[in-house]
Amino acid sequence: MSEIDDGAPVVRLRTIEDGDVDVFFDHQADPLAVEMAAFPARDRDRVVAHWARLRADDTLVTRTIVADGVVAGNIVSWPDDGKQFLGYWVGREWWGRGVATRALALLLDEVPVRPLRAHVVAHNFGSIRVLEKCGFRRDLEEEAAAPASDDGLEELTFVLDA
Ligand SMILES: CC(C)(COP(=O)(O)OP(=O)(O)OC[C@H]1O[C@@H](n2cnc3c(N)ncnc32)[C@H](O)[C@@H]1OP(=O)(O)O)[C@@H](O)C(=O)NCCC(=O)NCCS
C-alpha cells in the first residue's frame with residue numbers, strides 16, 4: 001500500500017558531511033534569517049571553523065536536516081553548565097513547509113535528555129511555533145533569573161520536560 005502524499009517534504013537527519021557546511025554558510029548569511037534569529041552572519045572562515053569544532057566534539061549531537069534528499073539546514077544539541085540545549089536553522093527555500101518541526105521531532109527521538117532547553121528571541125514567531133508544536137513551554141522563572149541582554153532584545157527560554 002502506498003503512503004498518502006500530502007505534499008510535505010520527506011525530512012531526515014544525518015551526520016554532517018563536509019559539503020554541507022557550504023550550504024550552512026549560505027543559510028546563516030541570509031539577511032532575513034539573521035534578523036529572525038537575531039544572530040549575526042559570520043564570514044566563511046569563521047563558519048568553517050565553527051562547524052569543524054562542533055563536529056569534533058562528541059558531547060554534541062550535530063545533524064544535517066535533509067528534505068526531499070536536499071540539504072535543508074542543521075540542528076544541534078549541546079550541554080552547557082549542566083543543562084542541555086538545542087538550536088536549528090533551515091534555509092529560506094524550505095520555510096513554512098514543516099521542515100523544522102519534523103527535524104525537531106526527529107532530534108527529540110535521538111536526544112533523550114530532559115529537560116531540554118532552547119533560547120529564542122521574542123520576535124521569532126516561526127521558531128516559537130516550532131518549539132510549541134513539539135511540546136516545549138516557556139520557563140518564566142528561568143527567564144526572570146537570566147541577566148538582561150546587551151542588545152535590548154527579549155530572549156525567551158523554552159523547556160521540554162520529561
Ligand atoms: C524559524 C525556522 C526554523 C522555522 O522553520 P520552518 O521549517 O519554516 O518551520 P515549520 O514549517 O516547521 O513551521 C512551524 C510553524 O511555524 C509557523 N511559522 C513558520 N515561520 C513563521 C513565521 N516567519 N512567522 C509566523 N509563523 C511561522 C508555521 O506556519 C507553522 O505553524 P502551523 O503549523 O501552525 O501553521 C526557520 O524560519 C529558520 O531557520 N529561520 C532562521 C534561523 C532561526 O530563526 N533559527 C531558530 C533560532 S531560535
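Me: Leaving aside neighbours within four places in sequence, which residues is Ala 41 in contact with?
Reply: Happy to start there, keeping in mind that this is a predicted model. Ala 41 sits in the loop between α2 and α3 (44–56). Once its neighbours within four places in sequence are set aside, its contacts are Gln 28, Ala 29 and Val 34.

Me: Is Ala 41 buried, exposed or partly exposed?
Reply: Let's look at the count of other C-beta atoms within 10 Å, which is 14 for Ala 41. A buried residue needs 20 or more, and an exposed one has 12 or fewer. Because its count is 14, Ala 41 is partly exposed.

Me: Which element gives the most to the shell around the ligand?
Reply: Good one! The ligand is surrounded by 23 residues, with Ala 37, Ala 100, Thr 101, Gly 126 and Arg 129 the closest. Two or more shell residues come from each of α2 (31–37), β4 (83–90), α4 (99–110) and α5 (125–133). The top contributor, with six residues, is α5.

Me: And which element supplies the largest share of the largest nonpolar core?
Reply: That core has 25 residues, and Ile 65, Ile 75, Val 90, Val 99 and Ala 103 touch the most other members. Elements supplying at least two residues include β2 (61–67), β3 (70–80) and α4. With five residues, the largest share belongs to α4.

Notes:
Residues numbered from 1 in each chain as written. Predicted model: local features only at pLDDT ≥ 70, side-chain atom pairs only at ≥ 80, totals over all residues. Near = placed C-beta within 6 Å. Helix = DSSP H or I, 4+ residues; strand = E, 2+ residues; numbered from the N terminus. Core = buried A, V, L, I, M, F, W, Y, C linked by C-beta atoms within 7 Å. Contact = placed C-beta atoms within 7 Å.
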